[in-house]
Amino acid sequence: MKTVDLNKLVRNTILKMKPYTSARDEFNGADKGMIFLDANESPFENGWNRYPDSKQLTVKKKIGIIKDISENRITLGNGSDEILDLIFRVFCEPGKDNIISLPPTYGMYSVLADLNGIENREVLLTTDFQPDITPILEQVDKRTKLLFLCSPNNPTGNLLSEESIRTLLDRFNGIVVLDEAYVDFTTQESWIRKGIAFDNLIVIQTLSKAYGMAGIRLGMAFASPEITALLHKIKPPYNIGTLQQEKVTLINNIEKEIALIQKEKKVLVKVLLQVNFITKIYPSDANFLLIRVDNADKRYRQLLENGIVVRNRNNYPLCDNCLRITIGTPDENRILTQVILKIQETAL
Ligand SMILES: *Cc1c(COP(=O)(O)O)cnc(C)c1O
């Protein structure tokens, strides 16, 4: 069990501010038979002339069942990127507070730190891409509000060890933001449920990856009811549109797709192991592979010339000459394989 004093971590302005109360907070569409003349909407029904449910109750009910968690622990955002931004604005005082992130990792943490005027103290992952506990804790001071962990990590693809996450949750007295965008691809249990014991944990997930819904923009945060209430206090009231909310109810069982991605990943690894310009394939718990090649810029360009777009991570720390390749459909992976073998032949 870990408790934190939120009053010390949350920005004063946020503690004090009165949230905006929208017309639909007072009366929502569920009050059937009422005539709504309170929100200056168009009265002509077309399916989306009314403002959406600002509390997103139907969507939360659905997600609560899928993730086995109560609705007062769920915050929804216009992608996880919006949620990450809300977290910065609840906890971090511009120009004063700092956060810790662990490169190489997801680029949005440092972008949002810059955007919000927050110092980002970067502590490199170890060479096997695990959190380096002692240097991380050495960077912590009274103004360190957030620690960002990404597991499985992007772009390295590996899970962070359970032990290191637990140690950091125990020893860091700020908020740990654990980004589980790729957790659906692993057999590892998510931290959503076991995280209930830690009041300083916010778990982030998304419908953008395994669920195949990157286009609708829906991110999720799972945290204590107190943190959840703070995120709701500052979120734009209508951040999830009616059309988005409707599409979420179409969430499908994704076991088949995940199994296929895993199978394809194995096939691809087998082929790539035999390619002479690929010097390393990192173990992956996600739906992508990080590979090291002889010359990332050159191989990136050659793939592009053959109609294949991958991510060049050459400039990332610990990722010299690395490319990140998403696992595609069997057909796409077959073409990728052919192109890579063709590039190998012409290089000989
Ligand atoms: C793709 C990704 C996300 C998803 O962001 P959305 O805004 O929900 O699409 C979040 N975190 C990481 C690490 C990612 O790779």
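**Exercise 1.** Which residues does Asp53 touch, not counting residues up to four places away in sequence?

*Solution.* The model is predicted: local features need pLDDT of at least 70, side-chain atom pairs count only at pLDDT 80 or more, and totals for chains, interfaces and linings use all residues. Residues are numbered from 1 along each chain as its sequence is written, and side-chain values use heavy atoms, with hydrogens and water left out.

Step 1. Apply the contact criterion, heavy atoms within 4.5 Å. Asp53 then touches Thr58 and Gln245.

Step 2. Examine the side chain: one of its polar atoms lies 2.9 Å from the backbone nitrogen of Lys55.

Step 3. Compare sequence with space. Asp53 and Gly241 are 188 residues apart in sequence, and their C-alpha atoms are 8.3 Å apart.

**Exercise 2.** Determine whether Phe129 and Leu318 are buried or partly exposed, and describe their phi values.

*Solution.* Step 1. Recall the classes of relative accessible area: buried is under 20%, exposed over 50%, and partly exposed in between (1.4 Å probe, protein chains only).

Step 1. Phe129, in the loop between strand 3 (119–122) and helix 7 (133–139), is buried because its relative accessible area is 4%. Leu318, in the loop between strand 10 (311–312) and strand 11 (322–326), is partly exposed because its relative accessibility is 28%.

Step 2. Most residues other than glycine have a negative phi, and most peptide bonds are trans. Phe129 has a positive phi of about 60°, and phi of Leu318 is near 65°.

Step 3. Turn to the peptide bonds. The bond from Ser151 to Pro152 is cis, with omega near -5°; the bond from Asn154 to Pro155 is also cis, with omega near 15°.

**Exercise 3.** Characterise the contact between the two domains.

*Solution.* Step 1. Domain 1 spans 6–248 and domain 2 spans 255–347, with bounds from an automatic or database domain assignment.

Step 1. The contact takes 21 residues from domain 1 and 17 residues from domain 2.

Step 2. The domains bury about 1500 Å² between them, 69% of it on carbon and sulfur atoms; buried area is the accessible area (1.4 Å probe) lost on putting two parts together, summed over both. In domain 1, Phe129, Pro155 and Phe185 lose the most area to domain 2, together 39% of what that side buries.

Note on methods. Polar contact = N/O pair within 3.5 Å; in protein donor to acceptor, adjacent residues only side chain to side chain. Helix = DSSP H or I, 4+ residues; strand = E, 2+ residues; numbered from the N terminus.
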